[in-house]
Amino acid sequence: METNDLKILAIDDNRDTLAALKAVVADKLPGARLLIAQNGPTGLELARAEDPDVILLDVAMPGVDVYAICRSLKEDESLRAIPVVFLTAPTTDRESRVKALEAGAEGFLSRPFDDVELTAQIRAMARINAANRLERLEKELLVTLVAERTRELERDIADRKRAEDALRESEGRLRNLSLIATEGIMIHDGGIILEANRAF
């Protein structure tokens, strides 16, 4: 993915972290856009409005359930495919990491950031997002094709039923006509009589 097209959403209330992210993005990912939300609700709104490629989510925002934010992102059909990377302290405990994974996170980055690792993580997550979007588009296309084919089959079945009904009706009329006809009528196949009326 071209960095000019890359959109990164950082949901973090720490000014130092945001300044470090801005510097790395400007230096290592030229042309990429860094969107900033300093709280969860704003982050969710920005995610819906901007459809970022990657979401960086601070694991320790005071008064915010970051795991609930992550779950909200993953429960929203339009946002589900966007990878979420938790920004953690080097001392973040195992339980917090497990909770983050259970909430739907795809990765972790420890502060202070290593520029190379941060850039590699963002690029990898952007590739995952691109693959997720492609898969979603293919599924949508498949659903559309199946729906179209189903409609075609339903039309074919309806046409066939109408033709069968018309044939039965026509056969019924022919049978009625042959029954009331004063002339003898016989239908045969070679030497085998298939049908004959009373007059015959």
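1. Basis of the values. Because the model is predicted, local features need pLDDT of at least 70 and side-chain atom pairs count only at pLDDT 80 or more, whereas totals for chains, interfaces and linings use all residues. Residues are numbered from 1 along each chain as its sequence is written, and side-chain values use heavy atoms, with hydrogens and water left out.

2. The largest nonpolar core. In soluble globular proteins, nonpolar side chains tend to be buried together. Here the largest nonpolar core has 23 residues, and those with the most contacts inside it are Ile-55, Leu-57, Leu-73 and Phe-86. Strands E1 (7–11), E2 (33–37), E3 (54–58) and E4 (84–88), together with helices H2 (40–50), H3 (66–75) and H4 (94–103), each supply at least two residues of this core, and H3 gives the most, with 5 residues. A nonpolar core is a set of buried Ala, Val, Leu, Ile, Met, Phe, Trp, Tyr and Cys residues joined through side-chain atoms within 4.5 Å; buried means under 20% relative accessible area, exposed over 50%, and partly exposed in between (1.4 Å probe, protein chains only). Helices (H or I, at least four residues) and strands (E, at least two) are DSSP runs, numbered from the N terminus.

3. If neighbours within four places in sequence are left aside, Leu-57 is in contact (heavy atoms within 4.5 Å) with Ile-11, Val-66, Ile-69, Cys-70, Val-84, Val-85, Phe-86 and Leu-87.

4. The cavity. The structure holds 1 cavity of 30 Å³ or more, and about 30 Å³ of space lies in the largest cavity. Its lining is made up of Leu-109, Ser-110, Phe-113, Asp-114, Glu-117 and Leu-118, with strand E5 (107–110) and helix H5 (115–180) each supplying at least two of the residues. By class, this lining divides into 3 nonpolar, 1 polar and 2 charged residues. On a 1 Å grid over the protein atoms alone, a cavity is a set of points where a 1.4 Å probe fits but cannot get out, a pocket is an open set with protein on both sides within 12 Å along at least five of seven lines, and lining residues have an atom within 4 Å of a point. Grid points are joined across faces, edges and corners, and a volume is the space filled by probe spheres set on the points.

5. The largest pocket. About 200 Å³ of space lies in the largest pocket, which is lined by Glu-77, Arg-80, Ala-81, Asn-132, Glu-135, Arg-136, Lys-139 and Glu-140. This lining has 1 nonpolar, 1 polar and 6 charged residues, where Ala, Val, Leu, Ile, Met, Phe, Trp, Tyr, Cys and Pro count as nonpolar, Asp, Glu, Lys and Arg as charged, and the others, Gly among them, as polar. Two of the lining residues, Arg-80 and Glu-77, form a salt bridge, the closest N and O atoms being 2.8 Å apart; Arg-80 is partly exposed at 40% relative accessibility, and Glu-77 is exposed at 51%.

6. Salt bridges between separate parts of the chain. With a salt bridge taken as a side-chain nitrogen of Lys or Arg within 4 Å of a carboxyl oxygen of Asp or Glu, the count comes to 17. Asp-51 and Arg-133 meet in one of them (3.3 Å, N to O), and this pair links distant parts of the chain, since Asp-51 is in the loop between H2 and E3 and Arg-133 in helix H5, 82 residues apart. Both ends are partly exposed, Asp-51 at 29% relative accessible area and Arg-133 at 22%. Glu-106 and Lys-74 form another, with the closest N and O atoms 2.9 Å apart; Glu-106 lies in the loop between H4 and E5 and Lys-74 in helix H3, so the pair ties together parts that are 32 residues apart in sequence. Glu-106 is partly exposed at 33%, whereas Lys-74 is buried at 13%.

7. Asp-58 lies in strand E3 and is buried, at 2% relative accessibility. Not counting residues up to four places away in sequence, Asp-58 touches Ile-11, Asp-12, Asp-13, Val-66, Leu-87 and Arg-111. Thr-17, in helix H1 (residues 15–28), is buried at 6%, and, leaving aside neighbours within four places in sequence, Thr-17 is in contact with Asp-12, Leu-87, Arg-111 and Phe-113.
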